[in-house]
Amino acid sequence: MSATTSEATAATRALLSTADQHRRRTDRWMTGLVWAAFVLAATPLVSLLWTAVSNGIGRLNGDFLLFSMRNVYGGMDAGGAYHAIIGTLLITLGTAVISVPIGLLAAIYLVEYGRGPLARAVTFFVDVMTGIPSIVAGLFSFAVFAIFFGAGIRMGVMGSVALSLLMTPVVVRSCEEMLRLVPNELREASYALGVPKWLTIVKVVLRTSVAGLTTGVLLAVARVIGETAPLMIAVGSTASINTNLFSGSMETLPVFIYDQYKMGPVPCPATVQDCITSINFDRAWTAALTLVIVVVILNLLGRLVTRLFAPKLR
């Protein structure tokens, strides 16, 4: 009896050892696959960042950041993207002013109040707007303003309206998901204390989900800040500094990049030995690097806002 028990115990141990080895091999294989997927996904991003930095860092200086392209012609080694930086920030700010309140209120309605055909209709149209081509948004904005101001109108606010059509559905979807993550127990506890629903939403739901809402808004900003086609149609292009969203064309970094690349290499006279043939391409790469830096700064500001206003765990 004892020998039989010992044999059974040995067989059980051998079986467990084999199963443990199988689990270890599977774990190593899955770990390797996860790392391989990470490297595969990160390689294009690292390559893109390295290309932008290596090609654009050479001209990233005070002159490029503080001067415009006004009175800069041909292959002059002068000028910068200050007017494009200002235009990008102002138009993006105008887009956020339009999109964030609308998107957040729509998300609150869908999560807290939305029932029946109206909620289903809002969800459907948000899904449809998510897939709208960016150039269609630019044409829509241009057509609306042309009805009231004429076909030759170009204003920064037109670009904000066009980009808001692209940004609003992203804000709605991201904010909706963040609001749904708030536990219902928090709402019920607030109602039990006699707090009205609107105040519960403001003080409990929004306060709890502020970190996720900030992230969603930043993702929406990143979605639109690099758009080119709608801005070329609705805003146009200029070499001068324009800080008025409601008057005249404005330059933006994506359109500035396109304009500089479109100009192509500067031809060199036969008598000049050391002329720079890629000055326009250099400006384009530096503007691209500047756009990346702007997005990074916005994300850092968003993280700071999240840290300051997120509920503290004690």
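Biologist: What share of residues 204-225 is helix, and how far apart are the end C-alpha atoms?

Modeller: The model is predicted, so keep that in mind throughout. Over residues 204-225 the chain is 91% helix and 0% strand. The end C-alpha atoms there are 31 Å apart.

Biologist: What does the UniProt record list for "transmembrane region"?

Modeller: The unreviewed UniProt entry lists residues 33-53, 81-110, 122-149, 155-172, 204-225 and 284-305. Take residues 33-53 from that record. In the model this stretch is 100% helix and 0% strand, with 30 Å between its end C-alpha atoms.

Biologist: How many helices and strands does the protein have?

Modeller: There are 12 helices and zero strands. Buried residues make up 35% of the 314 residues. The accessible surface comes to about 18,500 Å², and 70% of that belongs to carbon and sulfur atoms.

Biologist: Which residues form the nonpolar patch on the surface?

Modeller: Leu45, Leu49, Val292, Val296 and Leu300 form it, with about 410 Å² of accessible area together. Helix H1 (2-56) and helix H12 (279-309) each supply at least two of its residues. The largest share, three residues, comes from H12.

Biologist: Why is Leu49 called partly exposed?

Modeller: Leu49 is in helix H1. Its relative accessible area is 38%. Buried means under 20% and exposed means over 50%, with partly exposed in between. Leu49, at 38%, therefore counts as partly exposed. A patch residue needs over 30%, so Leu49 passes that cut-off too.

Biologist: What makes Arg187 and Glu112 a salt bridge?

Modeller: The N to O distance between their side chains is 2.8 Å. The cut-off is within 4 Å, so the pair qualifies. Arg187 sits in helix H7 and Glu112 in helix H3, 75 residues apart, and the pair links distant parts of the chain. Arg187 is buried, and so is Glu112.

Biologist: How do you know that Arg173 forms a salt bridge with Glu176?

Modeller: The closest N and O atoms of Arg173 and Glu176 are 2.5 Å apart. That is within 4 Å, so the pair counts. Both residues lie in helix H6, three residues apart, about one turn of the helix. An α-helix has 3.6 residues a turn, so residues three or four places apart point the same way.

Biologist: Where does Arg180 lie relative to Glu176?

Modeller: Both lie in helix H6, four residues apart, about one turn of the helix. Salt bridges that share partners join Asp127, Arg173, Glu176 and Arg180 into one network. Arg180 has 46% relative accessibility, which lies between 20% and 50%, so Arg180 counts as partly exposed.

Biologist: Which residues of helix H8 are buried?

Modeller: In H8 (residues 197-208) they are Thr200, Ile201, Val204, Val205 and Leu206. These pack against helix H3 (82-113), helix H6 (156-180), helix H7 (184-192) and helix H9 (210-224).

Key. Residues are numbered from 1 along each chain as its sequence is written. This is a predicted model: local features need pLDDT of at least 70, side-chain atom pairs count only at pLDDT 80 or more; totals for chains, interfaces and linings use all residues. Side-chain values use heavy atoms; hydrogens and water are left out. Patches are made of residues with over 30% relative accessible area and no salt bridge: like charges are joined within 9 Å, nonpolar side chains (Val, Leu, Ile, Met, Phe, Trp, Tyr) within 5 Å. Accessible areas come from the Shrake-Rupley method with a 1.4 Å probe; for residues, only the protein chains shown count as cover. Buried means under 20% relative accessible area, exposed over 50%, partly exposed in between (1.4 Å probe, protein chains only). Contact means heavy atoms within 4.5 Å. UniProt positions are given in the numbering used here, feature names are shortened, and annotations may be inferred rather than shown by experiment.
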